[in-house]
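Hi everyone, thanks for coming. Let me put the model up on the screen, and then we'll walk through the core and the ligand site together.

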Amino acid sequence: MKVLITGSAGFIGFHAAQEFLRRGWDVAGIDNFCDYYSVQLKRARAVQLPFAMYENDICDLDALRFVFAEESPDVVLHLAAQPGVRYSITHPFVYQKTNVEGFLNILECCRHAAKVPKLVFASSSSVYGGNTKMPFEETDQVDTPISLYAATKKANELMAHTYAHLYKMQTIGLRFFTVYGPWYRPDMALSLFADAMLAGRPIKVFNHGDMLRDFTYVDDIVDGIVRVVEADGLPLYDIYNIGNHRSEKLLDVIDVLAKALGVEPKMEMLPMQAGDVYATYASIEKLHKAVGYEPKTTIREGIPVFAKWYLDYHGE
Ligand SMILES: NC(=O)c1ccc[n+]([C@@H]2O[C@H](COP(=O)([O-])OP(=O)(O)OC[C@H]3O[C@@H](n4cnc5c(N)ncnc54)[C@H](O)[C@@H]3O)[C@@H](O)[C@H]2O)c1
């Protein structure tokens with residue numbers, strides 16, 4: 001069986017690719033190595049992956065058609081996207097391009113493939129917007145996104161439903177909840193905190209630290225992905241949360257990270273940022289019932305692993 005992973009040089013794609021290889025899958029990848037964050041980090045991940053990685057943009061439909069024809073995947077794991085809630089405020093057009101047009105290209109390539117693959121794609125907890133009912137359940141209304149990033153992810157879910165309905169292709173969306181671990185993204189909170197703490201700068205703590213996040217260790221996310229990819233008998237179209245089912249106080253997260261890095265954090269308390277949500281908390285019952293998903297890693301176990309990688313990678 002072959003899986004084509006888009007965004008394979010990315011944080012989650014890299015970990016997912018390694019796990020599929022371990023499980024004996026044939027893996028191919030595609031990534032455009034865009035410079036949203038360190039290209040060097042993406043290259044450092046990619047050199048560890050022993051398979052064909054096409055250096056193409058998913059917005060280039062001809063190139064994408066070529067990759068589909070060459071690889072003929074049984075499953076497409078679509079992770080390539082422009083991520084980041086805050087960046088979508090300053091750079092809206094790249095979200096439309098990669099997350100909407102690029103997603104349509106993926107759907108079209110799947111639809112016209114000689115052997116139509118199962119499509120498993122990354123959605124996001126951000127689709128829950130400012131919902132206050134906790135934990136977030138897949139049946140909750142998600143029609144009020146508060147960032148363009150979230151709106152594009154919700155659009156993906158709608159587009160995938162349409163293709164499943166019209167062309168009977170299986171499309172499964174996974175709403176990831178704040179993923180972290182080794183080989184993590186430098187634009188995300190734990191990295192920004194680690195950068196500042198080690199440089200002795202105060203860390204920027206939004207909403208004065210009054211925030212809750214469901215932090216999910218990357219191995220748990222990958223376990224959920226693999227279970228969905230390998231499961232038979234899932235519906236033609238469905239959406240599942242993949243989170244940790246533990247909503248952590250931001251100040252506790254900072255404390256665990258500071259201890260793991262061996263520093264005393266300085267904090268700059270700031271108001272809430274536009275586009276940010278107060279809390280995320282995943283109900284994972286649906287995925288548990290469907291495929292037995294059960295995350296194992298607490299932040300007290302996972303953050304020290306991230307911190308160790310961070311210190312090694314940055315030569316500290
Ligand atoms: N990390 C999280 O906490 C999180 C949470 C919710 C959802 N997600 C989603 O999960 C997926 C993977 O996230 P990640 O954290 O690994 O991000 P990432 O940025 O590390 O990985 C995405 C990869 O896609 C590539 N890419 C971007 N635009 C592309 C394009 N036009 N053509 C080809 N490749 C392109 C990038 O170069 C990158 O390597 C994304 O869809 C993201 O929106 C992530």
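Let's start at F20: setting aside neighbours within four places in sequence, F20 is in contact (heavy atoms within 4.5 Å) with V3, I5, W25, V27, L77, I225, V226 and V229. A quick word on the basis: this is a predicted model, where local features need pLDDT of at least 70 and side-chain atom pairs count only at pLDDT 80 or more, while totals for chains, interfaces and linings use all residues. Residues are numbered from 1 along each chain as its sequence is written, and side-chain values use heavy atoms, with hydrogens and water left out.

Now, the core. By nonpolar core I mean buried Ala, Val, Leu, Ile, Met, Phe, Trp, Tyr and Cys residues joined through side-chain atoms within 4.5 Å, with buried meaning under 20% relative accessible area (1.4 Å probe, protein chains only). The largest one has 79 residues, and F20, F176, L190 and I225 touch the most other members. At least three of its residues come from each of domain 1 (2–180 + 217–244 + 286–291) and domain 2 (189–212 + 246–280 + 297–313), with bounds from an automatic or database domain assignment.

On to the ligand. Which atoms make polar contacts, meaning N or O pairs within 3.5 Å? A backbone N or O atom of G10 sits 3.2 Å from a ligand oxygen, and one of I58 sits 3.0 Å from a ligand nitrogen. For T98, a polar side-chain atom lies 3.1 Å from a nitrogen of the ligand. Alone, the ligand exposes 810 Å², and the protein buries 98% of that (Shrake-Rupley method, 1.4 Å probe).

Notes. Buried < 20%, exposed > 50% of the residue type's maximum accessible area, 1.4 Å probe, protein only. Polar contact = N/O pair within 3.5 Å; in protein donor to acceptor, adjacent residues only side chain to side chain.
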